[in-house]
Amino acid sequence: MLRPPNSLSGMLHRAAVWLVMAFLCSTVIRFILMLDINKRVYNHTPGPCRVVDGISDGAAGLEIISELGLVFISTGLAGAYGNTTSRPGLAVFQLQKEMAKHEVKPIKIEGERFNQNEFIPLGLSSYYSKGRISLYVVNTHPNRQCVEIFTYHKEKNLLFYRKSVCDPRFSSISDIVVIGADRFFVSNLAYMSRGYLQTAELMMQSSFGALYFFDGRNVSLQESQLSSPSALAIDRRRQLIYAGSMLNENIRVYKLERDFSLTFRTQISLLSSPAGMHVDEETGDIWVALHPVLYQAFLVTLSPNDERIRSPSQVLRVRMQEDGVSWVITEPYANDGATISASNAVVYDKEHLVVGSMFSRLLHCDVLNPSIT
Amino acid sequence: MFRTIVFTTILIAIAGYVFNIMLALDINKRVYNHRPGACRKIEGVQYGAEDIAVLEEEGIAIITSGIVYLQPRKKEVKGQLFLYDFRQNGTWKVVPLKINGEYDQENFHPHGISHFITAKGARLFVISHTNDFKHSVMVFDWNRQNPLQVDLVRTIKDDKFIRPNDLAAINEESFILTNDGYSQSKFFNLLEILLFYPSGSAVYYDGTTSNFVILKSVSPNGIIFNKERTHAIISHINSETVSVYKLDDNHHKLLHVVDVPILTSADNFCLDKSGAVWVGAHPIMKDALSFLSDFDDTSAIAPSQVLRIVFSKDFKSWEITEPFADDGRLISASSVAAPFGNQLLIGSVCRELVHCYIRPETV
């Protein structure tokens, strides 16, 4: 149907077509920029590094208890991406002053009501009080999106299953941060569950991620309209919560109020995709594990067991300045994927840096010059 | 309908071109600081340290300072050659070299430098620009008996020195020189950059005459020979690649071997003892272009980066590490990195010279 030129409806129609085309163009351009096709990393380390023995099935989540030098590790994330040979579980790594051996020990899980077959751990957080270690584990199994709560028995290297926190709104929970006994924030990456629909949702760069809060009894929505919240960290001393956005490539900083509400404070632009975060309580520094080239990280998730497909790894350290609203970013570690592929988690304590990958190795580095690297 | 197809095609072409420019300007990149050890600025160098020649056996570096490029500098900027002694202990000082011979100091603005070891010391080839951006290659002799002086042997002018950037000495008389573009003004240079026009070239000068060895190239910048002097390594700053060429026996041709896509704008090269190539780079093009549009604006900063590239014997594979990166607060727009043992000198286009110690575990 041809409209006569210069008619009002013809002009409106043409304007509408142009607007749609402009929107499509900008969406495509933003999508291509998001993929990071013109980026790479150049290898460097903060000191001597070595691969930790005992991990070959991923170390996608890490949690450290600094008082004890214990690092908890989530393994077997490939099971959530369709790999049936993967054996998801948890392991522990003991940090010491002089480490002759770098080896992890798998942790046995006990509990009658705990179903090992529906357990794929990802984000980890802990609560350590009066010698008692509680471990909070994000279970990212397709059939069971829950936070599993355990008590760790150090002498026996055993986790006792205590209870689960589940909610129908949990579709793709990824990380967790504990603020008190049985009180935590958990991040939901996207509205859709992991799969094609979630990929489409993320490709459109929508903002349907959310933060949920569990107060000991109920789960409530705390923050919504977030773009792909992937990593959480807490600075308990300064009462700050950090939420990393995988696709927006930034970290949102929230003040944790007395009533457990969150007040947005500032946003740290990284221009690299955060996957895991850790706060060094001593200094307040934020350590971030990232995917610097996002399309390669995506390719790795399509073939979790193919060792030929690798993605660069990166660790950044964000140091907030005294004013609380400006920061300096340094890059202690970067690797093109040959040593560690697709870094997904990081912890730091007293010049020990531990970096975990999504589906392959765990790396331990000495940090030789903590003040300048 | 035909008109619609033509119009749509043009629109898609324009969108594609704009997108290419966005990628080339590195708008989605940033620099994350790290250092290989303790670093410090070197006193006395504030108007540039664009290129460095490392005389390995002597333990010294010769640094060019006070560059002019497409636009004049402010009055107090003086073109100089500095000498840095790597064997000094506990101090980090440069000494200006006294130049013996007849030359116009006001119009001396050194750019790229290369050296060739001789019986008495070294022969230096230095590209120099005048205040109004005319070009020449000045030939100096450095004598180890008088280390704080150089003797001007002669000044070479040639119509093939179109916009010279760097050069690599083949022997005491001949060298290969890169022209990083054709235009002589800021506006046309910007056009060359935006159009990715291959207006650059490389010239072999044999002591009396010159020949093009690369006729058309996108912004060839730094040039250096490998340790065995069988290959030339050239950076193409606007296309973010480093290319390797094989030298034929009479130096009349450079035979292309490989392009290394390093995804950062590499500038000048140095070699270390093991033959690894060290390069100063501009990791974010938009910041570098903005910073370099006015060399004397002291409030501007631009990121700096040092890469170390180790090539395989046949140059078909390589490994890249990043010893140094800075967002511009320590050093802005780094152009060269000169390693010596566990020391590293990092020079910038128009401002600082920085010295770092290298802890080998971090590189």
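**Chat: around A:Leu124 and beyond**

Trainee: Which residues is A:Leu124 in contact with, leaving aside its neighbours within four places in sequence?

Mentor: A:Leu124 is in contact (heavy atoms within 4.5 Å) with A:Gly61, A:Leu62, A:Glu63, A:Phe72, A:Ile73, A:Ser74, A:Leu90, A:Tyr136, A:Val137, A:Asp175 and A:Ile176.

Trainee: What am I looking at, and how is it numbered?

Mentor: This is a predicted model, where local features need pLDDT of at least 70 and side-chain atom pairs pLDDT 80 or more, while totals for chains, interfaces and linings use all residues. Residues count from 1 along each chain as written, chains are lettered from A and ligands numbered from 1 in written order, and side-chain values use heavy atoms, without hydrogens or water.

Trainee: Back to A:Leu124. Where does it sit?

Mentor: A:Leu124 is in strand β7 of chain A, residues 121-129. Strands are DSSP E runs of at least two residues, helices H or I runs of at least four, both numbered from the N terminus.

Trainee: Is A:Leu124 buried or exposed?

Mentor: Buried, because its relative accessible area is 4%. Buried means under 20%, exposed over 50%, partly exposed in between (1.4 Å probe, protein chains only).

Trainee: Which feature does UniProt give for A:Leu124?

Mentor: The unreviewed UniProt entry places a "binding site" at A:Leu124 and A:Asp175. Such annotations may be inferred rather than shown by experiment.

Trainee: New topic. Which residues of helix α2 of chain A are buried?

Mentor: In α2(A), residues 196-203, they are A:Gln198, A:Glu201 and A:Leu202. Seen down the helix axis, the buried residues fall within an arc of 95 degrees (taken from the directions from axis to C-beta atoms), so they line one face of α2(A).

Trainee: What's on the other side of α2(A)?

Mentor: A:Tyr196 and A:Leu197 are there, both exposed.

Trainee: What do the buried residues of α2(A) pack against?

Mentor: Against α1 of chain A, residues 8-34. After α2(A) comes A:Gln205, with a positive phi near 55 degrees.

Trainee: Sheets next. What's the strand order in the open sheet of four strands?

Mentor: In chain A the order is β1-β25-β24-β23, with antiparallel pairing. Strands pair if DSSP finds at least two bridges between them. β1 (49-51) and β23 (343-349) stand at the edges with a single partner strand each, so one side of each has no neighbour in the sheet.

Trainee: How many bridges link β1(A) and β25?

Mentor: Three, in the antiparallel sense, with β25 covering residues 362-366 of chain A. A:Val51 stands opposite A:Leu363 in β25(A).

Trainee: Where is A:Asp285 found?

Mentor: A:Asp285 is in the loop between β19 (273-279) and β20 (286-291) of chain A. A:Asp285 counts as buried, because its relative accessibility is 3%. Not counting residues up to four places away in sequence, A:Asp285 touches A:His278, A:Val279, A:Asp280, A:Arg317, A:Val318 and A:Arg319.

Trainee: Last one, chain B. Where does B:Phe188 lie?

Mentor: B:Phe188 is in helix α2 of chain B, residues 186-195. At 48% relative accessibility, B:Phe188 counts as partly exposed.
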